[in-house]
Amino acid sequence: MKALSRKRRHPLAAVALLVMGLMLTGGLYAVVTTVNEAKADTTTYSSEQVNQGEKLFVANCATCHGLGASGSDNGPSLVGVGAAAVDFQVGTGRMPMQMQGPQAEQKPVQFTDSQTSQLAAYVASLGAGPAIPDARYLDGKGDATLGGELFRVNCAMCHNAAAAGGALTRGKFAPALAGVSNQHIYEAMVTGPQNMPVFNDANIPPQNKRDIITFLNTIESQGSPGGAQLGSLGPVSEGLFMWIAGIGIIIVFTIWLTSRTS
Amino acid sequence: MSSATQSNYKPATRTGRITDYVDQRVGGSGIVREFGRKIFPDHWSFMFGEVALYSFIILLMSGTFLTFFFDPSMAESVYSGPYVPLKGMDMSVAMNSTLHISFEIRGGLFMRQVHHWSALLFTASVAVHMLRVFFTGAFRKPRELNWVVGGVLLILSLADGFTGYSLPDDLLSGNGLRIIDGVIKSIPIIGTYISFFLFGGEFPGTAIIGRLYVLHILLIPALILLMVAIHLFMVVVHKHTQFPGPGRNDRNIVGYPLGPVYAAKAGGFFFIVFGVIAFFAAAFTINPIWNYGPYDPSPISAGTQPDWYIGWVDGALRLMPGWLFGVPLEWNIPLPWGVNTLSLNVLVPALIPAGIVFTLLFTYPWIERWITRDDREHHVLDRPRNAPTRTAIGAAGVIFYCVLWAAASSDLIATHFKVSLNDVIYWLRALFFLGPILGFIVTRRIALALQRKDREIALHGRETGRIVRLPHGEFQEIHAQLDEYKRYRLVSFESPKPEQGIPNENGIVTKREKRRSKLSHFFFEDRVAPVTPAELAAGHGHHEEITAGDGTKQVSH
């Protein structure tokens with residue numbers, strides 16, 4: 001202690017303290033930001049897959065994403081987006097993109113599963129990023145109630161409380177989630193495709209992502225307890241239905257009741 | 001009744017003795033004689049008031065059922081019912097009991113859906129009924145005050161709908177209440193105090209559901225019942241209006257008596273309305289609160305809208321920009337007691353469109369009466385085409401409402417028609433101003449064109465498409481003349497002429513008179529005069545010999 005207190009007025013003491021502080025902050029930051037990428041190394045791809053993936057990439061993706069996936073004016077760099085992003089974008093048919101627009105639309109899937117995973121292997125080899133999620137988070141056996149609460153807090157403002165989808169600005173939209181596979185839902189959360197924000201593992205831990213998936217599976221499989229859902233769009237479709245079907249049927253009856261047999 | 005006491009009628013059967021006993025004491029036959037002979041004219045559009053009344057009765061019955069099980073408390077509870085995605089969730093007792101009604105009470109979900117669907121039908125049929133009354137001019141003397149009663153009923157039904165919509169304390173209705181809270185708080189200076197008073201503290205507090213419940217099940221329904229009683233009493237006093245037709249005038253009424261024809265029809269019609277609502281409730285879900293989850297001030301769902309009848313106010317809020325031409329619409333104004341915020345971006349859209357609509361609605365009978373100086377009683381209706389300017393004003397109002405309603409669903413329009421949300425808002429902002437004007441012009445032109453068509457048909461008959469070659473080689477198309485009954489409808493209407501300002505006793509045309517004259521010109525300058533008997537005679541003589549053999553086309557009834 002005495003030695004320390006003697007040297008605290010040393011000219012280099014302030015510098016040393018600053019260096020220590022910066023290193024601590026930087027180190028913590030590095031730890032925190034890599035939480036999301038911690039799983040990046042869990043899946044391994046063979047070099048054969050990477051090579052095949054590169055060939056596919058050059059033939060199908062490089063026009064926009066650039067050779068070596070370094071990006072161009074027409075598409076972002078894919079270094080560090082991870083295998084999960086490729087699996088989501090290609091596996092749901094959003095990539096390769098049909099045309100530029102407010103956002104990539106879903107369309108029939110263009111590649112086979114093995115080709116998709118070869119592309120994923122190639123992109124994953126370019127830099128660490130979110131990997132294909134572990135199957136134990138995709139079983140849909142989590143806590144549906146907690147998942148529902150998390151969904152309403154984090155997702156419902158764009159995707160609608162019943163996951164029926166919703167509008168964003170300038171032609172962009174959040175799609176309906178019925179029929180989306182558990183793996184793709186998980187990947188969307190960790191990679192934030194299109195206009196979706198990233199929900200990394202520090203934000204929503206994998207266990208809670210599993211809960212959200214469980215909630216979505218539950219509401220999709222249980223059906224509607226009260227009858228036809230009218231698109232789960234709330235009061236707009238209910239009001240339109242009453243005006244068109246309800247008032248329409250009533251008018252038919254009023255005409256019948258006031259018609260005279262002549 | 002007095003005559004009944006002296007009758008020496010001796011009923012022969014047991015049933016007869018019982019009914020005679022009752023009749024001598026309550027005078028039932030007198031009531032039946034009076035009301036059973038009330039004449040009602042026949043037209044399908046006259047039945048929407050009835051639809052409103054029936055759906056209100058269904059609301060009272062299904063609502064009573066719901067009160068047996070609903071607990072309007074905002075105390076915290078944990079859901080432990082059968083709905084899996086909410087099991088173990090914290091929620092208010094109100095939400096919990098609504099879920100209980102939906103999933104555990106036998107028939108509870110059905111009754112909830114009956115209640116909500118009939119609320120939508122109630123407001124919709126009130127709206128259609130008012131539109132019918134407006135477009136046919138049934139609000140004219142002596143029915144102006146009943147029109148006002150109807151307007152009050154409309155506002156009361158909106159209020160009852162909104163308070164009921166908020167009761168389950170689910171996410172959707174909670175967001176709706178938050179918007180109401182925002183609108184109240186935007187009232188300058190006193191807004192915050194009113195909000196705190198209403199919610200018993202900062203939003204959402206723990207009092208609002210209980211307060212809305214009392215309004216929803218007690219105060220507003222009682223006022224509605226009172227107004228319905230006044231409304232129907234005045235209908236009985238004024239008698240029903242009728243469409244123009246042969247033998248119908250302002251001093252008579254042509255139709256069927258209430259008993260037995262209408263009593264049977266009306267009774268049956270109640271069950272038809274009930275049947276339609278019951279079918280909807282059984283087959284189509286409405287307000288699935290389990291999807292929305294319990295209210296929590298942090299989340300909000302995409303596609304959050306109020307029910308259709310409140311939707312237009314929400315639409316106005318969505319259309320209003322926060323900045324206009326680089327000028328913010330929200331100011332912090334320093335006042336002696338501190339800084340107050342003036343939020344015109346909320347205050348203006350929340351109050352102005354509704355203010356315009358309801359002011360015009362309540363004053364319109366007197367506006368038209370002032371312009372036409374028409375002080376006669378009207379029991380024969382106008383066909384909408386025969387009052388082009390009124391019809392056009394009504395159409396403009398409907399378009400104004402529909403633009404705002406569409407604005408409330410701007411996000412759904414964007415996703416379902418794959419257009420940009422921003423563009424939808426820009427178009428609707430333009431339509432907000434232009435739509436009613438265009439609607440006015442187009443509707444008035446259509447009405448005038450229909451009048452011209454009527455005039456043409458009255459004068460020359462209907463083109464049959466049969467071409468006849470005359471002996472000297474000329475070709476002519478045969479026009480089928482209308483029978484007199486049909487023609488009567490086309491020629492027997494009033495078409496007021498624009499009036500010059502009338503000088504007062506000092507010989508001066510006042511500014512007020514000049515304004516009236518201007519409005520009179522605006523209303524009646526474009527007019528198609530009804531066919532006069534002289535014109536009719538002239539028009540017929542021309543075709544007489546050709547159409548003489550064309551009696552087959554005439555339909556009588």
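**Close-up views of a predicted two-chain model**

**Figure 1. Chain A is assigned two domains: domain 1 (41-126) and domain 2 (135-222).** The model shown here and in the other views is predicted. In chain A, the C-alpha centres of domain 1 and domain 2 are 22 Å apart. The two domains touch. Here 13 residues of domain 1 of chain A contact 12 residues of domain 2 of chain A. On the domain 1 side, the touching residues are 6 nonpolar, 6 polar and 1 charged.

**Figure 2. Helices H7 and H10 of chain A cross at roughly 95°.** H7(A) covers residues 144-154, and H10(A) covers residues 206-222. Their axes come within 7 Å. An angle of 65 to 115 degrees counts as roughly perpendicular, and H7(A) and H10(A) are therefore roughly perpendicular to each other. From H7(A), look for Ala144(A), Leu146(A), Gly147(A), Gly148(A), Leu150(A) and Phe151(A). They meet Asn208(A), Asp211(A), Ile212(A), Thr214(A), Phe215(A) and Thr218(A) in H10(A). Sorted by class, this contact has 6 nonpolar, 5 polar and 1 charged residues.

**Figure 3. Chain B is assigned three domains.** Domain 1 of chain B spans 1-36. Domain 2 is made of two segments, 48-243 and 251-301. Domain 3 also has two segments, 461-495 and 530-553.

**Figure 4. Chain B meets chain A through 57 residues of chain B and 55 residues of chain A.** Several helices of chain B give two or more residues to this side, among them H6, H8 (171-185), H13 (308-319) and H17 (421-460). Helix H11 (258-283) is also in that group. H11(B) gives the most, with 8 residues. The residues on the chain B side divide into 35 nonpolar, 17 polar and 5 charged.

**Figure 5. The largest nonpolar core has 153 residues.** The residues with the most contacts inside this core come from both chains: Ala83(A) and Val123(A), together with Trp117(B), Ile277(B) and Val403(B). Helix H6 of chain B, residues 108-135, gives the most to the core, with 15 residues.

**Figure 6. Trp117(B) has contacts in both chains.** Set aside its neighbours within four places in sequence. From chain A, Trp117(B) then contacts Met242(A). From chain B, Trp117(B) contacts Ile277(B), Phe280(B), Ala281(B) and Ile286(B).

Note on methods: Residues are numbered from 1 along each chain as its sequence is written. Chains are lettered from A and ligands numbered from 1 in the order in which they are written. This is a predicted model: local features need pLDDT of at least 70, side-chain atom pairs count only at pLDDT 80 or more; totals for chains, interfaces and linings use all residues. Domain bounds come from an automatic or database domain assignment. Two residues are in contact if their C-beta atoms, placed from the backbone, lie within 7 Å. Ala, Val, Leu, Ile, Met, Phe, Trp, Tyr, Cys and Pro count as nonpolar, Asp, Glu, Lys and Arg as charged, and the others, Gly among them, as polar. A nonpolar core is a set of buried Ala, Val, Leu, Ile, Met, Phe, Trp, Tyr and Cys residues joined through C-beta atoms within 7 Å. A residue is buried if 20 or more other C-beta atoms lie within 10 Å of its own, exposed if 12 or fewer, and partly exposed in between; C-beta atoms are placed from the backbone. Helices (H or I, at least four residues) and strands (E, at least two) are DSSP runs, numbered from the N terminus. Axes are lines fitted to C-alpha atoms, for helices over the stretch in contact, and angles run from 0 to 180 degrees between N-to-C directions. Angles under 35 degrees count as roughly parallel, over 145 as roughly antiparallel, 65 to 115 as roughly perpendicular and the rest as oblique.
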